[in-house]
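Me: Please take a close look at one part of this model. Start with the terms, then show how the part sits in its surroundings.

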Amino acid sequence: MPPGASRVCLCPEIGYHASVPQVSATEPQAVPDVNRRRFLATCACAAASTVLGPVLAPADAAAGLALFLAPQPGLCDGHIRDYLEKMHHFDERHADDVYLADADRPVFASALRRLQRLQRVVGFGNFYLIGFDEAVRFAERSAAVEPFTRRELDFMDRVFHEDAARYGFYGVKPLTQMTAPIRKDKAVKVPGTGNYLYRGRPLETYRQLRRDVGKRAVLTSGIRSVMKQFLLFFDKIRDADGNLSRASRSLAPPGYSFHGVGDFDVGQIGYGPDNFTERFVSTEVFHRLTDLGYVNLRYPNGNLLGVRFEPWHIKVGESA
Ligand SMILES: [Zn+2]
């Protein structure tokens, strides 16, 4: 067991939050309306389900949820089956998916184009570390980017502050301040990867991991600024034809990603885009991570947070 391994685990992007505080027994208002009721029904079913054994619900969430809903066997099976089916086919359309409002599509498109121009001009590496205010000021000074409009900024503010449970993402939010700057003096560029990690536990964890697992293990995604997460999330929404639910099943919305606070992704050199698919579990790197105790599949395939299985995501920090 490597030093610090007990604090490290492989998890879904938002698996960190699997205690699901939004649906705790003491805060029944935290996840709104129909989506919340549907989620509660699903989780209560999962907690009570015996016929669907592989489903793993966080114990505290299950305990809280049991106070809300008494499981109803017929309904229960249907709910959990539908949910798991949806997560398995995360990148497809589903009947209850929530879409971008038609009225927001123009401002969404212009904000996305501006973010793309901004990344091009700022540089791919620098964009990982750029703060929100810094990016806005940069755009104001750049003829190639041009200033964000009031409507674009209002739209991004709304996206950031909205409860993502509305469209099916149930993780909590490590970044609550959209304009919080990244401490660049604490960020280190990891040679040969194009990515950054924070000094301290994230960097030490990565170095130890490579010493233990071998040089075939490589950082595939490190620190991401809020602006980077906006760009990634908006790209997903565009690729999903405005489907917010589909986008958030495979990418945390801005503010909800733990890449902003120390988590990172690991892959196997030469495995390319497959490092971000479930095929990663068949790699030598993944097997080594598992054998050495780096992997804690607390929230594996079948997590109840509205997110696909992400076996490449390394969790770092106090909550791990
Ligand atoms: Zn990740």
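Reply: Helices (H or I, at least four residues) and strands (E, at least two) are DSSP runs, numbered from the N terminus. The model is predicted: local features need pLDDT of at least 70, side-chain atom pairs count only at pLDDT 80 or more, and totals for chains, interfaces and linings use all residues. Residues are numbered from 1 along each chain as its sequence is written.

The part is helix H8, residues 201-213. First, the setting. The protein chain has eleven helices and six strands. Of its 320 residues, 45% count as buried. Buried takes 20 or more other C-beta atoms within 10 Å of the residue's own; exposed takes 12 or fewer; partly exposed lies in between, with C-beta atoms placed from the backbone. Two residues are in contact if those backbone-placed C-beta atoms lie within 7 Å. Among contacts between residues at least 6 apart in sequence, 81% join residues at least 24 apart.

Now H8 itself. The helix has 13 residues, and its end C-alpha atoms are 17 Å apart. The expected span is 1.5 Å times one less than the number of residues.

Next, burial. Pro202, Leu203, Thr205, Tyr206, Leu209 and Val213 are the buried residues of H8. Down the axis of H8, they fall within an arc of 160°, so they line one face of the helix. The arc is taken over the directions from the helix axis to the C-beta atoms.

What does the buried face of H8 pack against? The partners are strands E2 (187-190), E3 (195-198), E4 (217-221) and E5, plus helix H11 (284-291). Just after H8, Gly214 takes a positive phi of about 115°.

One of those partner strands deserves a look. E5 covers residues 264-268 and holds Gly267. Gly267 counts as buried because it has 23 C-beta neighbours inside 10 Å. Beyond four places in sequence, Gly267 touches Val218, Thr220, Asn275, Phe280 and Trp312. Gly267 and Thr220 are 47 residues apart along the chain, yet their C-alpha atoms are separated by 6.0 Å.

For contrast, take helix H9, residues 226-239. H9 has 14 residues and reaches 20 Å between its end C-alpha atoms, close to the 20 Å expected. Ten of the 14 are buried, so H9 is largely enclosed by the rest of the structure. The cover of its buried residues includes H4 (105-122), H5 (124-127), H6 (132-141), H7 (150-161) and H10 (244-248).

Phe230 contacts Leu115, Met156 and Pro254, leaving aside neighbours within four places in sequence.

H9, too, is followed by a positive phi. Asp241 is the residue, with phi near 55°. Asp241 lies in the loop between H9 and H10. With 11 C-beta neighbours inside 10 Å, Asp241 counts as exposed.
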